Amino acid sequence: MKTYDLIIRRADIVTAADRFTGDIGIHQGRIAAIAERLDPALAEKTIDAAGRMVTPGGVDAHCHLDQPSADGSVGSDDFLTGTRSAACGGTTTVIPFAMQFKGQSLDDAVADYHRRADGKACIDYAFHLIISDAAPEVVNEQLPRMVASGYSSFKIYMTYDALKLRDRDILDVLDASRRLGALSMIHAENDDCISWLTERLLKQGKSAPRFHAVAHSATGEREATHRAISLAELVDVPILLVHVSSRSALEQIYWARGKGLNIFSETCPQYLFLTAEDLGIDDHFHGAKCICSPPPRDTDSQNAIWTGLANGTFSIFSSDHSPYNYDDPHGKKLHGDNASFDRVPNGIPGLETRLPLLMSEGVLSGRLTPQRFVELTATAPAKLYGLYPQKGTLSIGADADIVIWDTQSDKTIRHADLHSAADYTPYEGKALRAWPSITLARGKVVWADGTFYGQAGDGRFLPCAAPFPPAI
Ligand code: DUC
Ligand code: ZN
Ligand code: ZN
């Protein structure tokens, strides 16, 4: 038997800290050696990666796969199609959400979500919890049990009727996070601002998809972001603000960090590559394809988001993949193709295009260093959600989750070439300069030169460690 199953040779290896040329030896799904040169005779197989950037497989810490809904809407992707599409875009770990219905125990929500993932996931996965019911038994009994079992991050919504928590319930969940060393992720939009603006717009007959971006105002996002930070300050606990979309929300994060508060934040491709105009410049229902919350903003916010990515303010870059088919009575047309914007399921596809978009427009256009790309897309999410160093880096003993990049060929995003079950991409026709030529998941080639080789059931559940020391 040879020492290595595979050696990736002459790679331009990039981690969050370093960039150097070398060989990576893989044995039984893990990285066994990294050296300037490994003897190819010691390997069953070799891949020559000369001149190619080699990065850790992406960790997408925000995506929605086969998430149950209360309103009859059905997302496009289950664990098979979602993880397939992730792998084809260079992502090797996903963290979707086990959603708790009001009145449901977290144990039930998690058991149900495992049934949805079992035997279907093609790459490794962990779960966040969505806490929609902060009853005392949930906060005091179920959450500690959950963290001990490997579910160490909780999403809290400040809007959406079926999910939102009152401020005092948020305080209870934050207090539990603090005691347990867990991470609360907050969806920060002011619910009353949204409903007040929505009513006013509908009364004025402004019901087309583009008015979603008016109802979900940057001002409401800014207010909720500030409030979330204040609640975290009161409890003295770190939080992560998910899907930050606007300059004004980002300014609240600068303010908080300036005060020394431990505030983490996430942004997503839609806030770099789409604007509110993608929800329509006329009243056609097509704009529903880009309805997500918070919505894409304007070029000023896009520029601010790029700056926050480059200057170290954003902690992670995730997809918030939450696709609904456009031409589908369970998707965007749940209430017909004349439905008002407030009745259209929220979310867009993005798992497969997240890394190629950021590599092309961030790294190859000189806005981000390759190391920062790795930090944002793999290392920092793995650390924040308790998966590091098994995931998120290239180091000895880490899982051999690896992307070998093609940055030489031009590529245009076409829905027809993607592997999600979504029936469109919001980035149709966008020109890119990079795409993964090979993705390895625990040492196995799952994507190579345009072909998917992964298998349903190959993905394993990853229990997450609590990322912070529990408060005494
Ligand atoms: N907004 C969310 O908060 N989650 C999923 C999709 C969306 O648009
Ligand atoms: Zn959200
Ligand atoms: Zn989301």
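A residue is called buried when its relative accessible area is under 20%, exposed when over 50%, and partly exposed in between (1.4 Å probe, protein chains only). The structure is a predicted model, in which local features need pLDDT of at least 70 and side-chain atom pairs count only at pLDDT 80 or more, while totals for chains, interfaces and linings use all residues. Residues are numbered from 1 along each chain as its sequence is written, chains are lettered from A and ligands numbered from 1 in the order in which they are written, and side-chain values use heavy atoms, with hydrogens and water left out.

Cysteines were examined for disulfides, defined as pairs of cysteine sulfur atoms within 2.5 Å. Zero were found in a search of the whole structure. Cys268, which is buried with a relative accessible area of 0%, is in no disulfide, as the nearest cysteine sulfur, in Cys292, is 8.3 Å away. For Cys193, the closest cysteine sulfur also belongs to Cys292, and a bond is ruled out because the separation is 19 Å. Cys193 is partly exposed, at a relative accessible area of 28%.

Lys155 belongs to strand E11 (residues 153-157) and His187 to strand E12 (residues 183-187), so the pair joins parts that are 32 residues apart in sequence. Helices (H or I, at least four residues) and strands (E, at least two) are DSSP runs numbered from the N terminus. Both Lys155 and His187 are buried.

The zinc ion (ligand 3) lies 3.8 Å from the zinc ion (ligand 2). Its protein donors are His62 (NE2), His64 (NE2) and Asp320 (OD), at 2.0 to 2.1 Å, with the spacing H-x1-H-x255-D along the chain. His62 is in the loop between strand E6 (58-60) and helix H1 (79-88), and Asp320 is in the loop between strand E15 (316-317) and helix H11 (354-363), so the pair connects parts 258 residues apart in sequence. His62 is buried, with a relative accessible area of 0%, and Asp320 is buried at 8%.

Note on methods: Donors are N, O and S atoms within 2.8 Å of the metal (3.2 Å for Na, K and Ca); water is not among the atoms, so sites may look incomplete.
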